[in-house]
Amino acid sequence: MIKPVQKDRPFLADLDAVDKASSDLHVWWLGQSGFLVQWEGHRLLFDPYLSDSLTKKYAATEKPHVRMTERVIAPEHLLGIDVVTTSHNHTDHLDHDTLVPLLTTNPEMHLVGPEANRSFIANRIKRPESFLDGLDAGQSIALEPFKITAVPAAHEDLAKDNRGRHHYLGFIAEFGDWIIYHSGDTMLYDGMEAILRQWPIDLAFLPINGRRPERRVAGNLWGREAATLASTVGIKDVIPCHYEMFAFNTESPDEFTEACRRLGQTKTVMKAGEHKHWSKSTSP
């Protein structure tokens, strides 16, 4: 099993060592599509999956979710979380065993997710429907210091409810001088580049596990597609994700890395538990 760069106490020590007044952008990869972002002491958590719930659920089925990477941190040990996102209803992005412990130790945190999924989310985490800060594509919410704007995601299509609201979203987060993009699970769709070009994005988190029919799960961008999207949109730096979590649904980042090299696209490939930071003086 892949061991994180740092986990448990060393991981928490690294978090605590960051100057809370720092205006640099600090990022830790928690595995799959989960990222912890810190800026000036404020913490934004994208789509965390910090349990073994899927491994347990599918252990005796034809689709076992064999974990490839050890867990970075138990969710109840993450403190000071201001905002958490859930981009869609799949358990590796909306996990009861992650979110409930997080809520217990961070009772003031906000949960942002698709308005179309409000009832499902409330049932999953056993909270009243009013708890969710629900968004549809094109809508924004200010949760100081973060402004979160929802954009469409296609996993594998632009699925909507009977009121035309998107079940799958990505999120643009604006804070200080920074603009970052977490795509959620997505493939390319018509108009995607035009939507994203509305923002001068400093950093994007994009899935690279692609899609194979034999997996019998919804697909995502291939590595070459993620690299091309970042290059076409003009994203300054891009981090690949959604790989090295489950053995049946992963890809190597090599294709992504090679495509970025060919396109001249700046990229940062992280390991689970790893910490990277950017300053405006050094960012691309």
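Arg 165 and Glu 115 are both buried, where buried denotes under 20% relative accessible area, exposed over 50%, and partly exposed the range in between (1.4 Å probe, protein chains only). The two residues form a salt bridge in which the closest N and O atoms are 3.9 Å apart; a salt bridge is taken as a side-chain nitrogen of Lys or Arg within 4 Å of a carboxyl oxygen of Asp or Glu. The pair links distant parts of the chain, with Arg 165 in the loop between β8 and β9 and Glu 115 in the loop between β5 (110-114) and α4 (118-125), 50 residues apart. Helices (H or I, at least four residues) and strands (E, at least two) are DSSP runs, numbered from the N terminus. The model is predicted, with local features requiring pLDDT of at least 70 and side-chain atom pairs counted only at pLDDT 80 or more, whereas totals for chains, interfaces and linings use all residues. Residues are numbered from 1 along each chain as its sequence is written, and side-chain values use heavy atoms, with hydrogens and water left out.

The structure holds 16 salt bridges. Side chains of opposite charge can pair when their charged atoms come close. Glu 225 and Arg 211 form one of these bridges, with 2.9 Å between the closest N and O atoms. This pair also links distant parts of the chain: Glu 225 belongs to helix α6 (residues 223-233) and Arg 211 to the loop between β11 and α6, 14 residues apart. Glu 225 counts as buried because its relative accessibility is 16%, while Arg 211, with a relative accessible area of 26%, is partly exposed. Asp 8 is partly exposed at 35% relative accessibility, as is Lys 7, with a relative accessible area of 27%.

Strand β10 (residues 178-182) is mostly covered, 5 of its 5 residues being buried. In a regular strand the side chains alternate between the two faces of the sheet. On one side of β10 lie Trp 178, Ile 180 and His 182, on the other Ile 179 and Tyr 181, and all are buried. Strands are treated as paired if DSSP finds at least two bridges between them. Strand β9 (residues 169-175) runs antiparallel to β10 and is joined to it by 5 bridges, with Phe 171 opposite His 182. The two strands form a hairpin with 2 residues between them, and Gly 176 in the turn has a positive phi of about 55°. Strand β11 (residues 203-207) runs parallel to β10 through 3 bridges, and Leu 203 in β11 stands opposite Ile 180.

The charged end of Lys 280 sits over the ring of Trp 178, 4.4 Å from its centre; the criterion is NZ of Lys or CZ of Arg within 6 Å of the ring centre and within 35 degrees of the ring normal. Arg 127 is placed likewise over the ring of Phe 131, its charged end 5.3 Å from the centre.

The structure holds 7 aromatic pairs, defined for rings of Phe, Tyr and Trp (its six-membered ring) by centres within 6.5 Å, with planes under 30 degrees apart counted as stacked, over 60 as edge-to-face and the rest as tilted. The rings of Phe 146 and Phe 175 have centres 5.3 Å apart and planes at 75°, so this pair is edge-to-face. Phe 146 in strand β8 (residues 146-152) and Phe 175 in strand β9 are 29 residues apart, and both are buried. Trp 29, Phe 35, Phe 46, Phe 205 and Tyr 243 form one aromatic cluster.
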